[in-house]
Amino acid sequence: MAKPTTQNHNGTALPAGTPAPDFSLHSTPDQAVKLSEFRGQPVVLAFYPADWSPVCGDQMALYNEMLGEFQSLGAELLGISVDGSWCHAAFSRDRKLHFPLLADFEPKGEVARLYGVYRQSEGVCERALFVIDADGIIHWSYVSPVGVNPGADGILSALEELQNQPEVK
Amino acid sequence: MSGPASISRLTLPDPKRDHIQGLIEAPIALVEYGDYECPYCGEAYSIIKAIQERLGGRLCFAFRNFPLVNSHPHAQHAAEAAEAAGAQGKFWEMHDLLFENQDALDDEDLAQYAAALKLDARRLIDEVLAGAHTARVREDFRSGARGGVNGTPTFFINGVRYEGPPDAGALLTAFADALNQTL
């Protein structure tokens, strides 16, 4: 089995090998998404600080372009920030995003805290990536400096590792 | 996970598949991942021209496609049109025309540029519409995604991602650092 890996600069993010805490968050004002619904396939959780800040825009735009690559590796992508679902709806429409943005809005940042990636002083999430395997275990996590777009290569490598991993059940 | 060695190979010019200006043996290899409809790539285009003039034979430049199709509705066809022009031997001529006309990139414009370059415009547009070069553009995109491209334009100098601003002075300084000598 490929060794799970974790890199993060703040040291508080849940490391690889940890079960991913389940949650249910709104993806639109009237729809919620529950993490455990995706059991059986890998999930990419992309926490980011805010909808309209320039680097986030680039990061989410990049992931939007790479959806085909993520999907070909069997994975579902979920974006998460503390913005509300109406804000997400406007941002998503503006950037033509084709994946859900989840609102970690009330209680604010609760899910980010569960994953150890909430920035108390600014009241926003870290720019943090988690790749969760089909059994709901964190396979890879990465926290990027907040102003730096982490790109997609780490996610792709982690997903490929999962795909090449022999079944160990 | 892939180590730094494989990443740098991925982001060095590859004479077997890349469109290259300059000699592959040149001491500085610059690879750009770009999008013909991206305004920052448009700015980078003239900067690269100036740098090429300044460095001459010391620079090998390769351009790979990284169209952000959700933000830029014409970027994919523009990229494929450049590849289709390449199939008729005029990749760089089309590349230049596209960057010089970033606000006019619909299919009719592409056909006009092909005619202006005395290419078989019908064949070029047929190839674009049939998706003859889609896989090639996707291959560029995928290599960028794997190499650490996180937006456009992204540059790699001798295989290493360039993190500085896309201006001539900063790029020249980075080249000098890569060569460990002043230019």
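Two strands are taken to pair if DSSP finds at least two bridges between them; helices (H or I, at least four residues) and strands (E, at least two) are DSSP runs, numbered from the N terminus. The model is predicted, so that local features need pLDDT of at least 70 and side-chain atom pairs count only at pLDDT 80 or more, while totals for chains, interfaces and linings use all residues. Residues are numbered from 1 along each chain as its sequence is written, and chains are lettered from A and ligands numbered from 1 in the order in which they are written.

In chain A, strand β9 (residues 127-132) pairs with β10(A) in the antiparallel sense over 6 bridges. A:I138 of β10(A) is the bridge partner of A:I132. The two strands, β9(A) and β10(A), form a hairpin with 5 residues between them, and A:G136 in the turn has a positive phi of about 85°. Strand β10 of chain A (residues 138-144) is largely enclosed by the rest of the structure, because 7 of its 7 residues are buried (20 or more other C-beta atoms, placed from the backbone, within 10 Å of the residue's own).

In chain B, helix α3 (residues 75-87) packs against helix α7 (residues 134-147) at an angle of about 110°, with the axes 9 Å apart. Axes are lines fitted to C-alpha atoms over the stretch in contact, and angles run from 0 to 180 degrees between N-to-C directions. α3(B) and α7(B) are therefore roughly perpendicular to each other (65 to 115 degrees). B:Q76, B:A79, B:E80 and B:E83 of α3(B) make the contact with B:T134, B:R136 and B:V137 of α7(B), contact being C-beta atoms, placed from the backbone, within 7 Å.

Between the chains, 14 residues of chain B are in contact with 14 residues of chain A.

Conventions. Contact = placed C-beta atoms within 7 Å. Parallel < 35°, antiparallel > 145°, perpendicular 65-115°, else oblique. Buried ≥ 20, exposed ≤ 12 C-beta atoms within 10 Å, placed from the backbone.
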